[in-house]
Amino acid sequence: MLIASEKPFNGFGHPPNVHIRKRVPLDGGNRFIKYFDPLGRVKILPSVVKELESWEDGEPDEKSVVIAVDGRRYVIGQLAAELGGKPVFEGDKCELAWLLALAAIEPNPGQNQVLIEVMPVALPDSRNKQAIAAIKKAEGVKDFTRNGVDIVATVRQVEPCDETRPAYKFAKAKGLFRAPNKVNGILDLGGGTGIGRLYAPNGTMIRTADSVLPGTHQLAQKIAGALLPQLGYSPELRLIMDAIADNSFLYGTTEINFEPIFQKCREQWIGEIRSKLKVAWTTQLSDLGEVLIIGGSASLAQPLVEATKGRFKIASHPSVPNFAQLISVYGMGME
């Protein structure tokens, strides 16, 4: 299942202490950041960023990375959330790509120089020149500190990837579509928004069928509106989404269980998604093969799987936990 590829120093043009990494994908989602470490293991960090004040502390851990660059310090991940940082879904993830990339860049243990030949970066639309210019800021030489280690990194090329395309590529290569010679789709349910896209049998994206859909941010907003009278103040959307993700349905440290509200709001949310897809995919629906549901919120779409009698299905793999959330980064790791 390992997709990330590494290669040792090849003896041509680089000092022997430079670790050369061929592809380092960055899937900087609105809820979670996914990347491969030098050993080819997938790392997942909560998509929260906090710039530290001069008087604030920040210690890295398994779910948090501390970056120092250009005289400023940032923490990315769980600690950022605990210190009151800003969720990526509240901003522009493309504008933050240069910083999120630093979390994903690391050499082998004991080395402090790394050359990355290609860094695939996911974005909603690879035709958007402004978004491409933003993610291209990750290219070039970077001199920074990551978790207390001084690093000099060179990123030769940032490769823009349309969201859903790497997942489709991976699914097609691994035989996850039962009818690969038909039009098949990817439904990516993320934190900020969802995206529904269809692909011709040869892998061409059918742009006229693109559909931007409500993500779990909008689901959380529905729940927040219903919770407001009980709490007496505006609920924090991140806490609602965290409680949905861990199936506790408890808001923060309160004893308020919002599962009944969630069930009703999810029904409305799924209904909106179905309605939008019916309109966007009218031409292809009669001969549509399957739609693979991916993303961190894929499991919430189980009612859609049941309503379509399995025509929509959640991406899964018996040996890979959270496969629906990771299929995109695996696809980005493929050449």
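Which residues line the largest cavity? Leu26, Gly28, Lys93, Cys94, Ala97, Leu100, Val121, Ala122 and Ile135 do so, where a cavity is, on a 1 Å grid over the protein atoms alone, a set of points where a 1.4 Å probe fits but cannot get out, and lining residues have an atom within 4 Å of a point.

The structure is a predicted model, in which local features need pLDDT of at least 70 and side-chain atom pairs count only at pLDDT 80 or more, while totals for chains, interfaces and linings use all residues. Residues are numbered from 1 along each chain as its sequence is written, and side-chain values use heavy atoms, with hydrogens and water left out.

**The chain as a whole**

The chain holds nine helices and 17 strands, which are DSSP runs numbered from the N terminus (helices are H or I with at least four residues, strands are E with at least two). Its radius of gyration is 20 Å, close to the 20 Å that the globule rule gives for 335 residues, so the chain is as compact as a globular protein of that length; this radius is taken over C-alpha atoms, and the rule is 2.2 Å times the number of residues to the power 0.38. The C-alpha trace spans about 60 × 55 × 40 Å along its principal axes.

Of the 335 residues, 53% count as buried, a word that means under 20% relative accessible area, with exposed meaning over 50% and partly exposed in between (1.4 Å probe, protein chains only). The chain exposes about 15200 Å², and carbon and sulfur atoms supply 51% of that area, as computed by the Shrake-Rupley method with a 1.4 Å probe. Among contacts with a separation of 6 or more, 62% come from residues 24 or more positions apart, a contact being heavy atoms within 4.5 Å.

A search of the whole structure finds one cavity of 30 Å³ or more. The largest cavity contains about 60 Å³ of space, a volume being the space filled by probe spheres set on grid points that are joined across faces, edges and corners. Strand β3 (26-28), helix α2 and strand β10 (113-123) each supply at least two residues of this lining, which by class has seven nonpolar, one polar and one charged residues. In this sorting, Ala, Val, Leu, Ile, Met, Phe, Trp, Tyr, Cys and Pro count as nonpolar, Asp, Glu, Lys and Arg as charged, and the others, Gly among them, as polar.

Helix α2, at residues 97-104, is mostly covered, with seven of its eight residues buried. The buried residues in α2 include Ala97 and Leu100, and both of these also line the largest cavity.

**The largest pocket**

A pocket is an open set of points with protein on both sides within 12 Å along at least five of seven lines, and the largest pocket has a volume of about 780 Å³. Of the 41 residues that line the largest pocket, Leu189, Gly295, Gly296, Ser297 and Ala298 are the closest to its centre. The lining divides into 16 nonpolar, 17 polar and eight charged residues, and α9 gives the most to it, with four residues.

| Residue | Strand | Relative accessible area |
|---|---|---|
| Valine 75 | β8 | 0% |
| Lysine 50 | β6 | 15% |
| Aspartate 188 | β13 | 14% |

Leaving aside neighbours within four places in sequence, valine 75 is in contact with residues including Lys50, Val65 and Leu83, and lysine 50, on the same terms, has contacts that include Glu56, Arg73 and Val75. Aspartate 188 is likewise in contact with Glu163, Thr164, Thr193, Gly194, Ile195, Ile294 and Gly295. Aspartate 188 and glycine 296 are 108 residues apart in sequence and 8.5 Å apart in space, C-alpha to C-alpha, whereas the C-alpha atoms of valine 75 and isoleucine 294, 219 residues apart along the chain, are separated by 27 Å.

**Two asparagines in loops**

Asparagine 147, in the loop between β11 (140-146) and β12 (149-162), has a phi near 50°, a positive value in a residue other than glycine, and at 29% relative accessibility asparagine 147 counts as partly exposed. Asparagine 322 lies in the loop between β17 (312-314) and α9, and its phi is positive at about 60° although asparagine 322 is not a glycine.
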